[in-house]
2 protein chains.
Amino acid sequence: MKPETDARTDTRKKILDLAEVLMLSRGFNAFSYQHISGELGVRNAAIHYHFPKKTDLGVALIERYRRRFARYVEAQAELPPPAQLDRYFSLADTYYNKQQICPSGILSAELHTLPPEMRQSTASFVEEMRAWAVDIVRRGQAAGVMHYLGTPEGMGTIVFAAMQGSLQLARLDGTALDEVKQQIRLLLGMVQA
Amino acid sequence: MKPETDARTDTRKKILDLAEVLMLSRGFNAFSYQHISGELGVRNAAIHYHFPKKTDLGVALIERYRRRFARYVEAQAELPPPAQLDRYFSLADTYYNKQQICPSGILSAELHTLPPEMRQSTASFVEEMRAWAVDIVRRGQAAGVMHYLGTPEGMGTIVFAAMQGSLQLARLDGTALDEVKQQIRLLLGMVQA
DNA sequence: GCGACTCTACTTACTGGTCAGTAAGGTGTC
DNA sequence: GACACCTTACTGACCAGTAAGTAGAGTCGC
């Protein structure tokens, strides 16, 4: 009984992985259990065995994001703030290359059609991401490696909002993401103007 | 035969108005002809009479936005750039107060599930909005009433992306929109830091 | 000034497809 | 023999879209 080939967690994980791809490219409401079961070579009811309601799948997806994000933040806690920002930018590039948008983007856009449990998880997730962006620019300022107008709250929030927005725009206009990234670097005093 | 009470254009307009509200709060895929016909007190097929396919309704919605936006831009072409920015901010407040997001936000988020005709219209619409934001900050800079780092393209794009993103975030965190608006004013050198 | 025709703007009634979700049964493993 | 992990088979809801019919208003010939 090798845990790494345990069928139980294996199928469950495959479902989550597929659901993740579908959600980030099409949205939560625009994919069905059929999309997953077809790709996975199982029947629809197999998905319902692991996630009885679609809401359960949605909440599990968001909670997995939150855990992953927490690990991600912790893993690079020791990096200097500009390097953390670069990592953030690379993450956005990864989404862009897959023609996806960020989880907070799709979830906040679809918010009013999501079940209450998912809305709750989304609110926590988005608040954690925003707080992290604020934290980066705050520590960047404190360390003297970032210089900008206004407060860390204002600057962090606009960075987060602009990245979310530009990832969506980038699917229509490929230059938007690079342009926004470059402008953020400028506004944070990280490049010579 | 008074044209202002012409039943023809009247029902058609009511359908578009209702579809607009539904799209900005729930998204294009998350409303049905039933939602509209129920509210309007007509049968489903009546909507199909005016808009045979849902795609037709979607394209009509976007094209109406584009015409409205073009008029909006022209109507305030003589205003000084900071005043135009304020109008843009008020528009965002209007959406926020109705718990809606901006059309470009929902359309770009749902992009991959939209029919090709709608994608085409969306691309044109978004490009027009972005160009307008760039134009405001370009003329603001030229008039000496806006001062910022980088190019008008970079600054206009980040303003547009940040506004789109913050309108989405504002449904989860009521402070996001005001924070981003204030930060934009700061970054454009429109307030004393 | 009146019947015949036509057009707009609907209606009723339906189809086929997709959806989430359920119940009951089977199969292999500890 | 109990349990995890599926299957087959189904339900009811909702969906976009269509076909055929109709009420009323305007138009035309005469």
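This is a predicted model: local features need pLDDT of at least 70, side-chain atom pairs count only at pLDDT 80 or more; totals for chains, interfaces and linings use all residues.
Me: What makes A:Arg130 and A:Glu127 a salt bridge?

Reply: The closest N and O atoms of A:Arg130 and A:Glu127 are 3.6 Å apart. A salt bridge calls for a side-chain nitrogen of Lys or Arg within 4 Å of a carboxyl oxygen of Asp or Glu, so this pair passes. As for the bookkeeping, residues are numbered from 1 along each chain as its sequence is written, chains are lettered from A and ligands numbered from 1 in the order in which they are written, and side-chain values use heavy atoms, leaving out hydrogens and water.

Me: How far apart in helix 7 are A:Arg130 and A:Glu127?

Reply: They sit 3 residues apart in helix 7 (residues 116–142) of chain A, which means about one helical turn separates them. Helices (H or I, at least four residues) and strands (E, at least two) are DSSP runs, numbered from the N terminus.

Me: Is A:Arg130 buried or exposed, and how do you know?

Reply: Its relative accessible area is 13%. Buried means under 20%, exposed means over 50%, and partly exposed is in between (1.4 Å probe, protein chains only), so A:Arg130 is buried. A:Glu127 has 35%, so it is partly exposed.

Me: What is the N to O distance between B:Glu127 and B:Arg130?

Reply: It's 3.6 Å, and the two side chains meet in a salt bridge. Both lie in helix 7 of chain B, 3 residues apart. B:Arg130 is buried at 13%, whereas B:Glu127 counts as partly exposed at 37%.

Me: What else does B:Arg130 form a salt bridge with?

Reply: B:Arg130 also pairs with A:Glu179, with the closest N and O atoms 3.3 Å apart. The rule finds 4 salt bridges across the interface of chain B and chain A. Over all chains, the whole structure has 30.

Me: Why is the link between B:Arg139 and B:Asp135 called a salt bridge?

Reply: Their closest N and O atoms are 2.9 Å apart, so the pair falls within the salt-bridge limit. B:Arg139 and B:Asp135 are 4 residues apart in helix 7 of chain B, about one turn of the helix. Both count as partly exposed: B:Arg139 at 27% and B:Asp135 at 29%.

Me: Which residues of chain A are linked in a network of salt bridges?

Reply: That network links A:Lys13, A:Asp17, A:Glu20, A:Arg64 and A:Arg68.

Me: What makes up the contact between chain B and chain A?

Reply: Each side is listed with its own count: 46 residues from chain B and 46 residues from chain A. Contact here means heavy atoms within 4.5 Å. About 3800 Å² is buried between the chains, with carbon and sulfur atoms giving 69% of that. In chain B, B:His112, B:Leu169 and B:Leu172 lose the most area to chain A, together 17% of what that side buries. Buried area is the accessible area (1.4 Å probe) that two parts lose on being put together, summed over both.

Me: How many residue pairs are in polar contact across the interface of chain B and chain A?

Reply: There are 13, counting pairs with both residues at pLDDT 80 or more. A polar contact is a pair of N or O atoms within 3.5 Å; within protein, one must be able to donate a hydrogen and the other to accept it, and residues adjacent in sequence count only if both atoms are side-chain atoms. Helix 8 of chain B supplies the largest share of the side that touches chain A, 13 residues.

Me: Why is there said to be a two-fold axis?

Reply: Chain B can be laid on chain A by a turn of 180 degrees and a shift of 0.0 Å along the axis, with an RMSD of 0.0 Å. That is the relation of a two-fold axis. The copies are superposed by least squares on the C-alpha atoms of residues with pLDDT of at least 70 in both. B:Ala162 is the residue of chain B that comes closest to the rotation axis, at 1.9 Å (C-alpha). The same surface serves both copies, as 100% of the contact residues of chain B recur in chain A.

Me: How many helices and strands does chain A come to?

Reply: Chain A has 9 helices and 0 strands. Of its 193 residues, 50% are buried.
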